[in-house]
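Hi,

Here is the structure I promised to pass on to you. Have a look at it first, and my notes follow below.

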Amino acid sequence: MCGIAGFCNYPKEEWYALINRMLDVMKHRGPDGKGVWRDDNREITLGHRRLSVIDLSQNGLQPMISGNGRFVISFNGEIYNTEELKKRFGIHRALRGYSDTEVLAEAIARADFEEVLKAARGMFALAVFDRKTGILRLARDRMGEKPLYYGFIDQGFYFSSDLLSFEQIGAFKGQLNTSALQVFFRLSYIPAPLTIYRNVYKVKQGHILTIKPPYNCQEAVTDTAYWKPADAALRGTADIFQGTEEEAAKELEKRLQMVIKSQMMADVPVGCFLSAGIDSSLVTAIMQSLSEKPVQTFTIGVSDNTNEACRAERIAKHLGTSHTELYVSDKDCLEEIPNLSRIYSEPFGDPTAVPSILLSKMAKQKVTVSLSGDGGDELFYGYTIYNSVCAAWNRNSKVPWKIRNVLGRYLEQGYPIAGKETFGYLLSSKDYMDMYERAASGRRLTDYLLKNCTGGGKNFLKTRDSENSLGMGNNLMLLDQQLFLPDSHMVKMDRASMSQSLETRAPLLDREIVEFAWRVPLKYKYGRKDGNKKILRDIVYKYIPKELLDMPKQGFMIPLYAWIRQGELNEWAKEQLSPSKIEREGILNEKAVSTVWKEFINTGSYSAWRCVWNILMYEQWQDFKNRDRMIKQEDAAELCCLVKEHNQIHVCQCL
């Protein structure tokens, strides 16, 4: 796992200082080395930060040039089927080393770029420069596991694995994207291609950006998809598995064994997160069955009624893993909260980011790579909200929408966030996708909070593909695979783990599993009596006794709710949400913020809590951004004084 950065059209005399600044702010993504490459003729610069996992020798250094000298690659991620790629693309010559980056570079030198990406199994974000044509290509993996940002600034094109790298560009103004902010308050995250900044974007999952000379405007970029979740869904459901549920479970287990074995390969210690849920327990069980020695497993817990660490410990003991658990204190959690804006680099509203960071910090003490169970819910119908929305829509849709809309608006009238209005809010949904967004988001609060907003209340769910032929349940899973999974869940895990220089791998998101999951009939994933993720349960019960697993999953939640409402974080929250601060910034509606805060303090409503946390994360990000710029100004002033002292150059010439 690594970090990449680069740019086109930047002054020759300043390129080295800039690429180093862009790379240094993401040293956590690659603490084991740094490399840069420059083509002065075309003014192309590529940079790389290295976390050594495969081929720890100098042969794995990047940016890397293909054997024929034509292509230069800067790569972040892992490719799991390198031997298959060697055979498919005729890579017979002896390679300098055995890194997946070199195999990828040689495959690209022999075949069409898109064809290589379609053949590769893995997680990645990469940049490839063609020295012959002058074309730069950026690409991101199918499920959006690895991040990649890009943008045009003052006639130059820039990209990086970390949004903070853009702050290092002198001409970067960091203008707030209020459209993205509006979506953030609705979804609690900012989905691709948006970022919190104007004119800076995320490469979308499964997409390729092609940038042609002279690299100086948006028209120079072509954005194409080499893989789409909707296409995988259509192909899978058109070729539905015809066997029994037992036969489907055997086929899925065989594929999981193959995928997990390939993801256990590394030249550094590898472990696994174990949360006591179905997904992580299944990955751990298969991983242990394939290992000749005890697998390192990791769990954290808190001493309250929601703790799952005890269950995880029993599962680990049954499987025979080498288990490490850590009970975190209030102090441990509180110390991480100020780091959230730096780690996530834009507002991010999932409170479980804090335990994810603590879990990664603990695991890093013993391993460099950790597998996880991420993706099981989105692929195998794991969320109970799917059942709730389908049942509610089947019931509500029997009433004409005009009648439902009038009744819903009547029930919604009154206090904007009180829980009693939720029923009316859902009742007036136009379709089940609209109902799902309303149930899963805080859309109703957005206009109430934002004082100056452009974007007009965009429904981001409507920008994702859906297919009537898939049916309601499948479409809800597809939506989450296109939106929540890449833009929230994988963002949370990538930034949390990489903040500790830990690589995480998600076997359930491998192409083999994703595409087979769409072939599994929905009735094998969900049943009224058997619950959600039936087929995963069919497999995991072969490894772990049912009684150890069949308990409602609680997840790991630190008591942020209580700390902010009346505990250790109450004063911090009040300071962040002070009317003078909100009014001075001029973005949020100060009266609305005060109303939401009072509702949370007085009633403890979940709607208000979710909204309060989002506001706090936005306000903390604003503080971090402003403080970071002040520090840079101080550093620049100090540097200028040093230059003046030693070189007799006037301070104004440096500023």
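Pro 214 sits in the loop that runs between β11 (207–211) and β12 (221–225), where helices (H or I, at least four residues) and strands (E, at least two) are DSSP runs numbered from the N terminus. The peptide bond leading from Pro 213 to Pro 214 is cis, with omega near 10°. A cis bond also joins Gln 62 to Pro 63, here with omega near -5°; Pro 63 is in the loop between β3 and β4 (64–65).

Before I go on, please keep in mind that this is a predicted model, in which local features need pLDDT of at least 70 and side-chain atom pairs count only at pLDDT 80 or more, while totals for chains, interfaces and linings use all residues. Residues are numbered from 1 along each chain as its sequence is written, and side-chain values use heavy atoms, with hydrogens and water left out.

Two non-glycine residues have positive phi values. Glu 43, with phi near 55°, lies in the loop between β2 (33–39) and β3. Ser 188, with phi near 75°, is in the loop between α5 (178–187) and β10 (200–202). Buried here means under 20% relative accessible area, exposed over 50%, and partly exposed in between (1.4 Å probe, protein chains only). Ser 188 counts as buried because its relative accessibility is 9%, whereas Glu 43, at 23%, counts as partly exposed.

Two or more lining residues come from each of β3 (44–50), β5 (71–79) and α3 (100–110), and β5 gives the most, with three.

Finally, which helix is mostly covered? That is α19 (residues 472–482), with eleven of its eleven residues buried. Its buried residues pack against α6 (229–238), α13 (376–379), α14 (384–396), α17 (432–440), α20 (484–498) and α21 (511–517), with contact meaning heavy atoms within 4.5 Å.

Best wishes
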